[in-house]
Amino acid sequence: MVVCKALGALFLVLSAFEAARTLSRTYELEILTIEGYIELIRQVRTEVDIYALPIDEILKRCDGELLLRCGKEEDKTPEDLLSLFSGAGGKRIKDKVAYKEIFEFCSDFGHNYREEELKRCDASIAMLEARRDVLRGDVHNKKKMSYTLALSAAAALVILLI
């Protein structure tokens, strides 16, 4: 009976540790996704500035790995930014400010003149870089808190159940 209790307690602590690790990975994935969109917007800005290409051509020229970091799910290249963002990319970003900025950029892109699009790209890049820096500063504290809470809850359950 004691062995079963000890094994149960061990599995409870291990599952709490794994839950905290999963949470930590989601924090990192959110930052990587925002960085992917920063890089994508930079590339979009360059392509619009130099070649004045439409967005579907720009996305075809993009690196596949970059599109995957932005949330591309399918094998085919997305036709526009909004379809790219409405996939996994939008689901990965939990920060409301970054989500709103990327969503507005993706939904508004292509409806203005070239100069306005370039200004919009610059403004979005600056805002997303600022948000990314804030999230990077918070990620260490969030990871620490998730491990602390998960392991404390597991320890409390072990004490209650034994």
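Analyst: The structure holds 1 cavity of 30 Å³ or more. On a 1 Å grid over the protein atoms alone, a cavity is a set of points where a 1.4 Å probe fits but cannot get out; a pocket is an open set with protein on both sides within 12 Å along at least five of seven lines, and lining residues have an atom within 4 Å of a point. The largest cavity has a volume of about 40 Å³ (the space filled by probe spheres set on the points, which are joined across faces, edges and corners). This is a predicted model, where local features need pLDDT of at least 70 and side-chain atom pairs pLDDT 80 or more, while totals for chains, interfaces and linings use all residues. Residues are numbered from 1 along each chain, and side-chain values use heavy atoms, without hydrogens and water.

Who surrounds that cavity? Tyr-27, Glu-30, Ile-31, Leu-135, Asp-138, Val-139 and Lys-142 form its lining. Two helices, H1 and H6, each give two or more residues to this lining (helices are DSSP runs of H or I with at least four residues, numbered from the N terminus). The largest share, 4 residues, comes from H6.

In one of them, Phe-17 and Tyr-147 have ring centres 5.5 Å apart and planes at 45 degrees, so the pair is tilted. Phe-17 sits in H1 and Tyr-147 in H6 (residues 114–161), so this pair ties together parts that are 130 residues apart in sequence. Phe-17 is partly exposed, with a relative accessible area of 36%, and Tyr-147 is partly exposed at 24% (buried is under 20%, exposed over 50%, partly exposed in between, with a 1.4 Å probe and protein chains only).

A further pair joins Tyr-37 and Phe-85 edge-to-face, 5.8 Å centre to centre and with 75 degrees between the planes. Since Tyr-37 lies in H1 and Phe-85 in H4, the pair ties together parts that are 48 residues apart in sequence. Both Tyr-37 and Phe-85 are buried.

Leu-84, in H4 (residues 81–92), counts as buried because its relative accessibility is 2%. Beyond its neighbours within four places in sequence, Leu-84 is in contact (heavy atoms within 4.5 Å) with Tyr-37, Leu-40, Leu-67, Cys-70, Gly-71, Lys-72, Pro-78 and Gly-89. Its C-alpha atom is 9.5 Å from that of Leu-68, 16 residues away along the chain.

One last stop is Ala-52, in the loop between helix H1 (2–50) and helix H2 (55–61). Its phi is near 55 degrees, a positive value in a residue other than glycine. Most residues other than glycine have a negative phi. Ala-52 counts as exposed, because its relative accessibility is 53%.

Notes. Phe/Tyr/Trp six-rings, centres within 6.5 Å; stacked < 30°, edge-to-face > 60°.
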